[in-house]
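Please read the following report alongside the sequence and the coordinates. It begins with confidence and then moves from the whole chain to single residues.

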Amino acid sequence: MNRLARIGLILIGILLVFVLVIVVSGSYAVKRPFPVTKGSHNLNGLQDEVTVYRDSFGIPHIYANNQADLFFAQGYVTAQDRFWQMEFWRHIGMGRISEIAGEATIGQDKFIRTMGWNRMAQDYIDYYEQEAPEFMDVLDAYSAGVNAYIDENRDNLPLQIQILGLVNEPWEIEPWQPVHTVAWGIVMADNLSGNWSEELTRARLYQELDQETVDVLWPGYPYENRPVIAPTEDQVNLQARVKAPVDFANNIDWQTVNTTLVGQPPTTALASGYDPNIGSNNWVISGDHTDTGMPLLANDPHLSVQMPAIWYEIGLHAPDFNVRGFSFAGVPGVIIGHNEHIAWGVTNVGPDTQDLYIEKRNPDNPNQVEFMGAWEDMEIIEETIKVNGGEDVVLPVFFTRHGPVINDLVDGDLTDTLAFRWTAQEPSRILQSVILLNRAQNFEEFREALSYWDTPSQNVVYADTEGNIGYQTPGLMPIRKNGDGRTPVPGWTGEYEWEGFVPYDELPTLYNPERGFIVTANHALVDEDYAHFLSYDWADGDRGLRIETMISDQLAVDGKISAADIAAIQFDSKSLPAETWVPLLMQLESDDPQIQAAQAYLSDWDFQERIDSVPASLFELFYARLFQNVLADEIGEENVETIEGQDIFMYELASDLESAWWDDVNTPEAETAVAIMERSLSEAITWLAENVGGDMENWTWGSLHTITFADGILGASGVAPIEAIFNRGAYPLDGGSDLVNATSWQRSEPAVVIWYPSMRMIVDMGDYEASQSVIPSGQSGHAYSPNYDDQIPLWLNGEYHPMVWSQEAVQATTINTLYLRPGN
């Protein structure tokens, strides 16, 4: 019997036991791990009393008399609600997933240990211990709070841990350590810094296709018709332009390059991995343009679907530390939010901070690689992966001067291998940055705080209670001797080495720009006049253009923008590809009654992808088939999914109906654009008839475009009753891929949502009590807690709850008060 079948049978047996327990003892087995949220509770490690107020959504506001107790209590309270998530995440960050999940995740642990997330995390801790002890104290206090929770709950742990401990061997619940906190930062940095995978993808495509074809299908940013975040002329610090990096791809024999990986990237935490077309939105609008006369700041980061939500909302209040917003479970402070004086929000910059170096191995000694005419020994270490229910796996990891080798080195195989360099291999000070950001009182302190934000680089928008708005790019950005970052580079020549990092004061900064608003949506950060090379690949600019257009249109109509207008923008689901392609579909002259019926639905569509929209379904399935019908004959079906995220190419194709790409090279006829579009629409209709059924009026977007909030391991167990305990959904959902309301899916699996706005926030700098927020599921990680899924209806419908701020407002919304006191 295979392992998955055995686990399935065990889970069914466990389920029967749980059913029996629940019948006998009511809901005690389920509710036993729920946190204590009212009354008094004594904890060793506190210096003074701490008060924790929770509202009806389970959002805690912690009031402490000193910052050490504040971070201790944050660790304790977060663990009360989210310890399973913290436990799972720390095993991911340290490359120890198989200690929980067994043999099925050995490949993921191999990848993580090869990349070195665990080693990098320890390097970060070494930095804090040696160079920044004040921030090490924060990590220690937070860890002590988590451990206070662990120590008193070893026999009362979350339901997920109890079930998995019966399926596999129970694993040791170790004390929480600061290294576990910083390891999650590395997981997030990897998730948001995917250039290595794009380089690898291009290299693989170059092995199968000619370089010119790949470069046409994967073009650069369309500066001529899409915005940039920080135009050079608007930046506070202007620099002279330097020469553009050279293109080097023509110098590589791609057939000799090993493009396989050791193991595979994790799929258990951030389920969908890196996707260049998915990102986040934020913007800030000057009080000159708002109905309140003060700035409004909005943020909605787009991340992979998880249960519980990736964000944990919290208020932290102590002398000289007063902040409210969103943290990660396992991380002290607030990542996104506001304090008394400033507010900030983040989106991913997506700069090129990673390079793959092609290393030539010595045929006489495969443990050596060439550098500038000489052979250098690779360093070799061993990583031991412990496997739940299995034998230890010993993994050799090889290093060149450029970093770890990411390929399996097989005896007798002397193909060129790939070494990985990443700015995150430098000790990152991001926790230091977060704490300083939480304390910042003005734009100068905001910028100073961000000077320590090394990775992942973010677009950070700013507003303050004095009425100012601003923007800063932080992060380590390599200065390359040569290269434009698109593909792996020769590692043996010395011509593609890094020569340091872009000075922080030369990174883009905006302060009270003339037009009165700043928008970031992962589109191009800078224009072609900017001094330094930051990246070749950016998001296609659709979301950035759409947000800027909506803001400008609203100002043209009313002259002012309200928080309600911003909420409408965050929930906007207009498809710019549809706006381009539907007029072309309307020009089709077909005798097919189904084509005509589809055209009737499309004719008066507003291009909003709403759950009740039939034309949204028709268009998205047409668009998916169009990619296949245009590209598969020339690049192969297996490569279409790799390319199909490139809407920039498709926009270019829509403007050239005579392009050679329209012809199907597998037929003797020369197909036209009209023929291929009609074929694609007909195939979409057939697919919908087969997979949705009924009349065309039933083919609503919500019948396809659904979201399920699933637990990272048990939510995908394959045992429906177990999944029903932890998962919620499927729910019909507005939005779509690369729309402002970015509820994204893969065209290979229409249209199950895998990425989503992981929270939405609107901060009113004129009245913090008028600020609003929402997360997709709920604060609690305990299934059947009322706060496990209570925010789902709000999030689905583009609604919010108040972000109360003052202690008076916090107490007015409190339903449970917990007093944490020192001692036993």
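## Confidence in the model

How many contacts beyond four places in sequence does the model have for residues 22–26, where pLDDT stays under 50? The model has two such contacts for residues 22–26. This is a predicted model, and another stretch with pLDDT under 50 covers residues 1–6, for which there are seven contacts beyond four places in sequence.

Over the protein chain as a whole, pLDDT averages 91, and 93% of the residues score at least 70.

## Overall dimensions and surface

The protein chain has 824 residues and a radius of gyration of 27 Å, which agrees with the value near 28 Å that a compact globule of this length would have. Its C-alpha trace spans about 85 × 70 × 65 Å along the principal axes, and the secondary structure comprises 24 helices and 32 strands.

Of the 824 residues, 64% count as buried, and among contacts between residues at least 6 apart in sequence, 73% join residues at least 24 apart. The accessible surface comes to about 29300 Å², with 49% of that area belonging to carbon and sulfur atoms. The chain carries 42 positive and 122 negative charges, and the mean positions of these two sets are 6 Å apart.

Helix H5, residues 106–115, is largely enclosed by the rest of the structure, because nine of its ten residues are buried. The buried residues of H5 include Ile-106, Phe-111, Ile-112 and Met-115, and also Asp-109 and Arg-113. After H5 comes Gly-116, whose phi is positive, near 90°.

Met-115, a buried residue of H5, is also one of the contacts of Phe-420, a residue of strand E17, which covers residues 417–422. Phe-420 counts as buried because its relative accessibility is 1%, which is under the 20% limit used for that class. Leaving aside neighbours within four places in sequence, the contacts of Phe-420 also include Trp-196, Leu-356, His-402 and Ile-406. Pro-404 is another contact of Phe-420; the two residues are 16 places apart along the chain, and their C-alpha atoms are separated by 5.6 Å.

Ser-433 belongs to helix H12, which runs over residues 430–439, and with a relative accessibility of 0% Ser-433 counts as buried. When residues up to four places away in sequence are not counted, Ser-433 touches Ala-449, Leu-450, Tyr-452 and Trp-453.

Which helices do the buried residues of H16 pack against? They pack against helix H14 (542–558), helix H17 (593–603), helix H18 (614–635), helix H20 (647–654) and helix H21 (673–691). Helix H16 itself spans residues 576–585, and it is largely enclosed by the rest of the structure because seven of its ten residues are buried. Those buried residues are Leu-576, Pro-577, Ala-578, Trp-581, Val-582, Leu-584 and Leu-585. An α-helix has 3.6 residues a turn, so residues three or four places apart point the same way.

## Backbone details in the loops

Two cis peptide bonds deserve a check in the coordinates. The peptide bond from Met-307 to Pro-308 is cis, with omega near 0°, and Pro-308 lies in the loop between strand E5 (296–304) and strand E6 (311–318). A cis peptide bond also joins Pro-750 and Ala-751, where omega is about -15°; Ala-751 is placed in the loop between strand E27 (744–745) and strand E28 (753–757).

Positive phi values occur at residues other than glycine as well, including Asp-320, whose phi is near 65°. Is Asp-320, at 71% relative accessibility, buried or exposed? Asp-320 counts as exposed at that value, because the exposed class begins over 50%, and its place is the loop between E6 and strand E7 (321–328). Met-372 likewise has a positive phi, about 50°, although it is not a glycine. Met-372 sits in the loop between strand E12 (365–371) and strand E13 (374–377), and it is exposed, with a relative accessible area of 57%.

Definitions and conventions. Residues numbered from 1 in each chain as written. Predicted model: local features only at pLDDT ≥ 70, side-chain atom pairs only at ≥ 80, totals over all residues. Heavy atoms only, no water. Helix = DSSP H or I, 4+ residues; strand = E, 2+ residues; numbered from the N terminus. Rg over C-alpha atoms; globule rule 2.2 N^0.38 Å. Buried < 20%, exposed > 50% of the residue type's maximum accessible area, 1.4 Å probe, protein only. Contact = heavy atoms within 4.5 Å. Areas by Shrake-Rupley, 256 points an atom, 1.4 Å probe, with all protein chains shown as cover. Lys, Arg positive; Asp, Glu negative; His and termini not counted. Charge placed at Lys NZ, Arg CZ, Asp CG, Glu CD. pLDDT = per-residue confidence, 0-100.
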